[in-house]
Amino acid sequence: ARDAVLARDVAVKVIRPSELLFQGARARFQREVEAVASLSHPGIVPVYSAGDEAGIPYFAMERVEGCTLAEALEAVASEGRDPAELAGGDLGRAVERASGGEEGRAADVALCTGSWVETCARAVREGARALEHAHERGILHRDVKPSNVMVTPEGRIMLLDFGLSSSDDVERITKSGSALGSLPYMSPEQIDGDWERLDRRTDVYSLGVTLYELLTLALPYRSPSIAGLRAMIAEGRRAPVRRANPRVTWEMETILEVAMEPDMTRRYASGDGLAGDLEAALDGRPIEARRVGALRRTTRWVQR
């Protein structure tokens, strides 16, 4: 839309009229407005204004040129190439194609320099820093996934859609007994529906799933049934990332293992911790994360 007062283009978000029939939809939408409006970070799309038109609530945001990571991944995957053959510039070119941007800009973008693994690590590092900003202000996203992460032709990474977010000082509004989020990216505690346990480590887990998908062009958990998918997530049964992409380093695999640890007490405690280890891996420095030992892995196998 066009902001006639300030003469600028904006993106406008509204609730589908049919969604207003569901209890709590208006409250969740209002909570998203309040959550995003309280944040100020280069990695979070800012809210400019909010209102109500003919009974339909809306808010206006910065209009970000680019596409979502999901759209960029789809563009890369459509070429049918092996993830191990990709380079950072492939993401930049995919963003250009998906967003209709100017050809050739990817070569000058810092995000997309070097290897594919390095580019994926940079993208998730920036997402983790944006999440840390939200977490420090008591806001959880609870629906982190590639379709909620924007990437611009200039290599800017921005979080979208805080519609399922929760705040420390706002009562959670959920449908009774339902799980909010997108199942393939949900943590075991989200699947269990134990809302009291959700904290910043829940968002870290979902960002870990996003990193896995970026590195391999595939989801870590796949099952023909919802029940099977839930069981795989709860038990952490997934193909090793280096089987799908041998170019993933031992350090990067370790970071992924800790970020996607089913036991949330063994996960990164914050987005800042995940971002710090990704930065260290990119710089060739030692990482803080440590893998689960052989005894713990054996115990899990016996439990399964």
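The model is predicted, with local features requiring pLDDT of at least 70 and side-chain atom pairs counted only at pLDDT 80 or more, while totals for chains, interfaces and linings use all residues. Residues are numbered from 1 along each chain as its sequence is written, and side-chain values use heavy atoms, with hydrogens and water left out.

Grid points are joined across faces, edges and corners, and a volume is the space filled by probe spheres set on the points. Searching the whole structure gives 2 cavities of 30 Å³ or more.

The largest cavity holds about 50 Å³ of space. Its lining consists of Glu32, Val36, Val45, Val47, Phe59, Met61, Leu159, Leu160, Asp161 and Phe162. Two or more of these residues come from each of α1 (25-37) and β4 (56-62); helices (H or I, at least four residues) and strands (E, at least two) are DSSP runs numbered from the N terminus. By class, the lining has 8 nonpolar, no polar and 2 charged residues, where Ala, Val, Leu, Ile, Met, Phe, Trp, Tyr, Cys and Pro count as nonpolar, Asp, Glu, Lys and Arg as charged, and the others, Gly among them, as polar.

The second largest cavity holds about 30 Å³. Around it stand Leu69, Ala123, Val124, Gly127, Val149, Ile157, Leu207 and Thr210. At least two lining residues come from each of α4 (116-136) and α6 (200-216), and α4 gives the largest share, 3 residues. This lining divides into 6 nonpolar, 2 polar and no charged residues.

The structure holds 1 aromatic pair, formed by phenylalanine 29 and phenylalanine 59, with 5.3 Å centre to centre and 45° between the planes, a tilted arrangement. Rings of Phe, Tyr and Trp (its six-membered ring) pair if their centres lie within 6.5 Å, and planes under 30 degrees apart count as stacked, over 60 as edge-to-face and the rest as tilted. The pair joins distant parts of the chain, helix α1 and strand β4, 30 residues apart. Both phenylalanine 29 and phenylalanine 59 are buried (under 20% relative accessible area; exposed is over 50% and partly exposed in between, with a 1.4 Å probe and protein chains only).

Strands of a sheet pair through backbone hydrogen bonds, either parallel or antiparallel. In this model, 3 strands form an open antiparallel sheet in the order β5-β7-β8. β5 (67-68) and β8 (157-159) stand at the edges with a single partner strand each, so one side of each has no neighbour in the sheet. β5 and β7 (residues 149-151) pair over 2 bridges (at least two DSSP bridges are needed for a pair), and threonine 68 stands opposite methionine 150 in β7.

Finally, most residues other than glycine have a negative phi. Alanine 7, in the loop between β1 (2-3) and β2 (8-14), has a positive phi of about 50°. Alanine 54 has a phi near 55° and is found in the loop between β3 (47-53) and β4. Alanine 54 counts as exposed, at 75% relative accessibility.

Note on methods:
1 Å grid on protein atoms, 1.4 Å probe; cavity = no way out; pocket = protein on both sides within 12 Å on 5 of 7 lines; lining within 4 Å.
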